Amino acid sequence: MDLSSVNASPVLADPVPINQTILGFHSSVFSLSSGTSFPLLIPKKKPGKLDDVRSNGWLDAMQSSSPPRKKMLKDVGVELACDDSDLVYYSWMLKYPSALKLFNRIINRANKKKIVIFLDYDGTLSPIVDDPNRAFMSIDMRAAVKGVAKYFPTAIISGRSRDKVYELVGLTELFYAGSHGMDIMFSAEDTMSINHTDYIRSTDKQGKDVNLFQPAKDFIPMIDEVYRTLVEVTKDIPGAFIENHKFCTSVHYRNVDDKSWPLIAQCVHDVLKDYPRLRLTHGRKVLEVRPVIDWDKGKAVEFLLESLGLSNSDDVLPIYIGDDRTDEDAFKVLREGNRGYGILVSSVPKESKAFLSLRDTFEVKDFLKSLVTWKEMSDADNY
Ligand SMILES: O=P(O)(O)OC[C@H]1O[C@H](O[C@H]2O[C@H](CO)[C@@H](O)[C@H](O)[C@H]2O)[C@H](O)[C@@H](O)[C@@H]1O
């Protein structure tokens with residue numbers, strides 16, 4: 001990785017002069033509520049007419065974030081009988097073979113290389129559930145992750161806040177990147193002395209010296225303001241749930257009646273209209289609001305490899321496992337750099353930049369356990 005690109009600020013040009021806005025909102029559109037230490041700014045405007053979100057493709061993207069099976073099949077151009085879903089899945093696997101089936105090929109390629117593991121959280125380590133606060137990993141999965149971390153550098157890269165994903169995983173031996181890689185923490189002793197100006201020295205919950213990399217730290221007040229505005233404008237939509245991840249915020253519509261999807265999309269659209277420095281990405285029944293900066297999970301993978309002195313592609317085999325659209329940025333980095341393996345977790349056929357696939361979190365756990373067994377056996381052979 002070219003370190004000059006790491007040192008350069010990932011913040012893209014600001015298209016709107018800052019003096020025209022209050023933290024991104026035009027000053028003319030607010031009423032200030034009293035009684036809070038940080039004024040809650042609520043747009044006076046009425047919600048739009050739902051035309052915006054139809055014409056800008058948000059609604060299509062929301063529907064395809066969990067598409068009906070027939071639509072899935074059409075997307076990948078499979079012409080088999082639509083009710084024969086297994087057959088269709090196996091045809092899709094010709095393009096994205098199972099990482100379990102190709103396990104021997106993976107470890108042959110790993111021969112003498114240092115394996116580095118990158119893991120997404122939701123849908124990869126924990127199954128997708130209705131309540132984001134109850135997305136727990138199984139005891140077996142935690143043991144499998146702990147096992148790989150014993151032998152290989154292992155990082156979790158999640159859309160959730162770093163604190164939240166640490167709370168859910170609960171393992172101290174990992175590296176954590178929260179907010180889609182916009183909040184990276186690792187211990188000071190693990191960091192190579194690279195010429196990076198943006199580290200913040202801090203201490204973790206155990207009082208250990210750590211380095212933090214937070215390329216979107218200037219956006220914290222803006223994200224907090226947008227989070228509170230989104231809570232306010234969606235409060236009458238049953239099932240809507242907003243999460244604040246510090247550097248980005250999520251608008252969940254999994255539990256919202258699909259008749260109200262246009263309404264929730266329009267509410268988010270109306271808020272974001274006044275924040276040109278924020279953008280929207282789509283996840284699994286979630287709208288993700290994040291800063292317009294040139295940073296994503298792919299950049300976080302490159303940054304972690306570089307910071308840990310593991311960017312030499314001849315000696316290192318990165319493996320990234322993830323299930324969501326935001327993981328595609330990481331798959332792309334590995335594919336384009338002809339490095340390691342991107343592994344997509346999916347039980348339905350979908351296009352991806354990954355090379356391999358696993359069907360669900362159970363297969364992820366089996367794959368991680370296989371890596372541990374292989375490592376222990378090869379260490380025993382070399383003893
Ligand atoms: O990058 P990730 O770790 O995969 O985080 C992406 C989003 O994950 C969570 O939402 C998803 O999982 C929830 C629990 O299973 C599910 O209810 C929701 O529909 C999914 O989108 C998390 O709550 C989001 O904030 C993350 O952006």
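Predicted model: local features only at pLDDT ≥ 70, side-chain atom pairs only at ≥ 80, totals over all residues.
**View 1. The shell around the ligand.** How many residues surround the ligand? There are 21. The closest are Val129, Glu243, Arg254, Arg284 and Glu288. By class, the shell holds 9 charged, 7 nonpolar and 5 polar residues. Strand β12 (249–252) supplies at least two of the shell residues. Strand β14 (286–291) likewise gives at least two.

**View 2. Helix α10.** This helix runs over residues 261–272. At 1.5 Å a residue, its 12 residues should span 16 Å. The end C-alpha atoms are 16 Å apart, which agrees. Is α10 mostly covered or mostly uncovered? It is mostly covered, with 11 of its 12 residues buried. Among the buried residues are Trp261, Ile264, Cys267, Val268, Val271 and Leu272. Gln266, His269 and Asp270 of α10 are buried too. In general, an α-helix has 3.6 residues a turn, so residues three or four places apart point the same way.

View 3. Val256 sits in the loop between β12 and α10. Its relative accessible area is 5%, so Val256 is buried, the cut-off being under 20%. Val256 and Ile237 are 19 residues apart in sequence. In space, their C-alpha atoms are 7.3 Å apart.

**View 4. Lys112, a positive phi in a loop.** Lys112 is not a glycine, yet its phi is positive, about 70 degrees. The residue belongs to the loop between α6 (103–110) and β5 (114–119). Is Lys112 buried or exposed? Lys112 is exposed, with a relative accessible area of 81%.

**View 5. His180, a positive phi in a loop.** His180, a residue other than glycine, has a positive phi near 55 degrees. Its loop joins β7 (175–178) and β8 (183–187). His180 counts as buried, at 2% relative accessibility. Lys112, by contrast, is exposed.

Key
Residues numbered from 1 in each chain as written. Heavy atoms only, no water. Near = heavy atom within 4 Å. Helix = DSSP H or I, 4+ residues; strand = E, 2+ residues; numbered from the N terminus. Nonpolar A, V, L, I, M, F, W, Y, C, P; charged D, E, K, R; others polar. Expected span 1.5 Å × (residues − 1). Buried < 20%, exposed > 50% of the residue type's maximum accessible area, 1.4 Å probe, protein only.
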